[in-house]
Amino acid sequence: MISLIGIIVVFGAIAGGYLIEHGKFLVLVQPAELLIILGSSIGTVIVANPMPTLMRIVKGMIGILSGSPFTRAYYLENLKMIYELYNVARKSGTAKLEEVVDNPSKSPVFSKYPKFLKSQHAVHFLCDTLRMAVSGGVDPLEIDQMMEMDIEVHHRESSEPIAALSSMADALPGLGIVAAVLGIVITMGSLGGPKEQIGEHVAAALVGTFLGILLCYGVFGPLAQAMGKQNDAETSYMGFLRMAAIGFIKGLSPMMAVELARRSIPSSVRPTFQELEGACRAGKPAA
């Protein structure tokens, strides 16, 4: 949501300054120029990227506008979930835990946390790791290396739509020049006509350059940066799950395992120990 507010501020400041200087707002409304610039930039992204990357671009932009899910409350909810999960292993044995991680959607623990279940990658990451830990025969160091590799692969895949959107943003000023050149071509074809008509064509050509630069530095460039920050937030969350799994693999108590995981949470969204203890001791999921 804050990204949407930022875009509105960008357009509002530019439009407000232009109107203060007594500019005619309708001159900036050039649908043909916008079609040339925006349409051709989208085309370059389609040419350069496979369909899965294009779908992740759309999902990433929607995710930016809806806000980051990795809030303090979400981390606190996950800490409580992990505490409950490890208590199952402590009280009922690893065989019961294996049943839970084999079918997380139907387990009494995970079913109370639908937000976690919506993230398929996080579910598979945690459950596959715990499954290897309880099955035995795998060195804890090797499990940790597999988790690290999984996080790196996921981060690299998540960076592909960011790079594609950045490339699109970088292309916009050049495509704005293309639209401007086409406008000049039209202008040259109208020489000898009314001065007002020539002036309109020149204005439309200049608006093409303006739109290309504005969309690059005012919209799509910042959106790519916001997607990058959201990707970093997801990577931090996967690192949090990794530390939670390491706590179990090391044989720590449930409370110590979730405390180890809590310490890996970024400080801006990290719950306090008192909040953690209160959520884990409570009889209902954290809000």
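The largest nonpolar core of this predicted model has 45 residues, and those with the most contacts inside it are Leu-85, Phe-110, Phe-116, Tyr-237, Phe-240 and Leu-241. A nonpolar core is a set of buried Ala, Val, Leu, Ile, Met, Phe, Trp, Tyr and Cys residues joined through side-chain atoms within 4.5 Å. Buried means under 20% relative accessible area, exposed means over 50%, and partly exposed lies in between (1.4 Å probe, protein chains only). Two or more residues each are given to this core by helix H4 (72-92), helix H5 (94-102), helix H6 (114-118), helix H7 (120-135), helix H8 (140-189), helix H9 (195-249), H10 and helix H11 (273-281). H4 gives the most, with ten residues. Helices (H or I, at least four residues) are DSSP runs, numbered from the N terminus.

Residues are numbered from 1 along each chain as its sequence is written. In this predicted model, local features need pLDDT of at least 70 and side-chain atom pairs count only at pLDDT 80 or more, while totals for chains, interfaces and linings use all residues; side-chain values use heavy atoms, with hydrogens and water left out.

Contact means heavy atoms within 4.5 Å. Not counting residues up to four places away in sequence, Phe-240 touches Tyr-75, Asn-78, Leu-79, Ile-82, Ala-261, Ser-264 and Ile-265.

Glu-259 is placed in helix H10 (residues 254-263). Leaving aside neighbours within four places in sequence, Glu-259 is in contact with Phe-273 and Leu-276.

The table lists relative accessible areas.

| Residue | Relative accessible area | Class |
|---|---|---|
| Glu-259 | 9% | buried |
| Cys-216 | 4% | buried |
| Cys-280 | 5% | buried |
| Leu-26 | 71% | exposed |
| Ile-8 | 54% | exposed |

A search of the whole structure finds zero disulfides, a disulfide being a pair of cysteine sulfur atoms within 2.5 Å. For Cys-280, the nearest cysteine sulfur is that of Cys-127, 18 Å away.

Leu-26 lies in the loop between helix H1 (2-20) and helix H2 (31-48). Together, Leu-19, Phe-25, Leu-26 and Val-29 make a nonpolar surface patch of about 410 Å². The residues of such a patch have over 30% relative accessible area and no salt bridge, and their nonpolar side chains (Val, Leu, Ile, Met, Phe, Trp, Tyr) are joined within 5 Å. A salt bridge is a side-chain nitrogen of Lys or Arg within 4 Å of a carboxyl oxygen of Asp or Glu. Accessible areas come from the Shrake-Rupley method with a 1.4 Å probe; for residues, only the protein chains shown count as cover.

Ile-8 is found in helix H1.

How values were computed:
Patch = residues over 30% accessible without salt bridge, like charges linked within 9 Å, V, L, I, M, F, W, Y side chains within 5 Å.
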